[in-house]
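The sequence and the structure are shown first.

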Amino acid sequence: MNDDTGSIAAAAPPRRTRGIVLLGLAALAVASALFAVRGPLMMSAPACVAGQWDRCFGTFNGVVLMTLVTLPLALLVAWARAHRRRTAGVASAWRMSLAEVGMVHGTVPFVWMTMIPGGGADVVPPRVSLVPLRDLVTMGPVGLGGNLLVLAALGFFAPIRFAALASVPRILALATGCSVLVETAQYVLRLDRVSSVDDVLVNATGAVLAGLASRRWWRRPAEEAPSERPRPVTAAAG
């Protein structure tokens, strides 16, 4: 018994240290990202404060700024949903709630940015590029990285929340379908954007890569039914 107790005690500090290191790295990553985008964000802040919503929600910088500003509200919603689930005795309350909020808060801003009209909206005829890999050369690092991030949050959180999506082919199918809808909307609404098959490929790839990154937290089909129901209360003996 003493050996087992010693082993557990010895394993606890490394686990705690690993958690502290990961938390520190996450904070450093967030701080670095904020430092990198501080200039563009501060350019959009005066327009948002002044109520110039077309410049606030109609530019990439404005959308990024509003995403950061509403992050505390998103965390509050996640906490409220998790608290309600825990009160009802639902298993994995925090995991489910964070996944739901993360899907929405991490996907809507990027999709919104892809739907911002260009300078020739409603004037330039819709354009389509159906030749695979032809547009990758013209995307550049920024365009490629942005397209990888469009559905990354969906690919990361969807299999955590829904056991039915906990596989790479299903994440790929979901991301491909969503990306096709976005490209079709760009074409129908005549937003002066090129509806490209390469955008679909890169968006779906980003979702799959993000899904693989969250694989350790995926919900399994066996977890689906019991986790949605309140835990049974055991009657006291006697």
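Predicted model: local features only at pLDDT ≥ 70, side-chain atom pairs only at ≥ 80, totals over all residues.

The buried residues of α5 are Ala93, Met96, Ser97, Ala99, Glu100, Val101, Gly102, Met103, Thr107, Pro109, Met113 and Thr114.

Two packed helices are described by the angle between their axes and the distance between the axes. The table sets out these values for two pairs that involve α5.

| Helix pair | Axes come within | Crossing angle | Handedness |
|---|---|---|---|
| α3 (residues 60-69) and α5 (residues 93-114) | 10 Å | roughly 165° | right-handed |
| α5 and α7 | 8 Å | roughly 155° | left-handed |

With axes that cross at roughly 155°, α5 is therefore roughly antiparallel to α7, since angles over 145 degrees are counted in that way. The contact draws on Arg95, Met96, Leu98, Ala99, Glu100, Gly102, Met103, Gly106 and Thr107 from α5, which meet Ala153, Leu154, Phe157, Ala158, Ile160 and Arg161 from α7. By residue class, this contact of α5 with α7 comprises nine nonpolar, three polar and three charged residues.

The crossing angle of roughly 165° between α3 and α5 likewise makes these two helices roughly antiparallel to each other. On the α3 side the contact involves Phe60, Val63, Val64 and Thr67, and on the α5 side His105, Pro109, Trp112 and Met113. Six of the residues in the contact of α3 with α5 are nonpolar and two are polar, while none is charged.

Helix α9 (residues 197-213) can be examined in a similar way: its 17 residues should span 24 Å at 1.5 Å a residue, and the end C-alpha atoms are 25 Å apart, which agrees. Among the buried residues of α9 are Asp198, Asp199, Val200, Val202 and Asn203, and the buried residues of this helix pack against α6, α7 (152-161), α8 and β2 (194-196).

Which residues does Ser179 touch, when those up to four places away in sequence are not counted? Ser179, which is found in helix α8 (residues 168-188), touches Leu151, Asp199, Val200 and Asn203 under that condition. Ser179 counts as buried because its relative accessibility is 1%, which falls under the 20% limit.

Leu136 belongs to helix α6 (residues 136-149) and, with a relative accessible area of 33%, is partly exposed. Leaving aside neighbours within four places in sequence, Leu136 is in contact with Leu144, Asp198 and Val202; Asp198 and Val202 are among the buried residues of α9. The C-alpha atoms of Leu136 and Leu201 are separated by 10.0 Å, although these residues stand 65 residues apart along the chain.

Val128, in strand β1 (residues 127-129), counts as partly exposed at 44% relative accessibility. Residues up to four places away in sequence not being counted, Val128 touches Tyr187, Val194 and Ser195. From Val128 to Thr184, the C-alpha to C-alpha distance is 9.6 Å, with the two residues 56 residues apart in sequence.

How values were computed
Residues numbered from 1 in each chain as written. Heavy atoms only, no water. Axes fitted to C-alpha atoms, helices over the stretch in contact; angles between N-to-C directions. Helix = DSSP H or I, 4+ residues; strand = E, 2+ residues; numbered from the N terminus. Parallel < 35°, antiparallel > 145°, perpendicular 65-115°, else oblique. Left-handed = near helix turned anticlockwise from the far one by under 90°. Contact = heavy atoms within 4.5 Å. Nonpolar A, V, L, I, M, F, W, Y, C, P; charged D, E, K, R; others polar. Buried < 20%, exposed > 50% of the residue type's maximum accessible area, 1.4 Å probe, protein only. Expected span 1.5 Å × (residues − 1).
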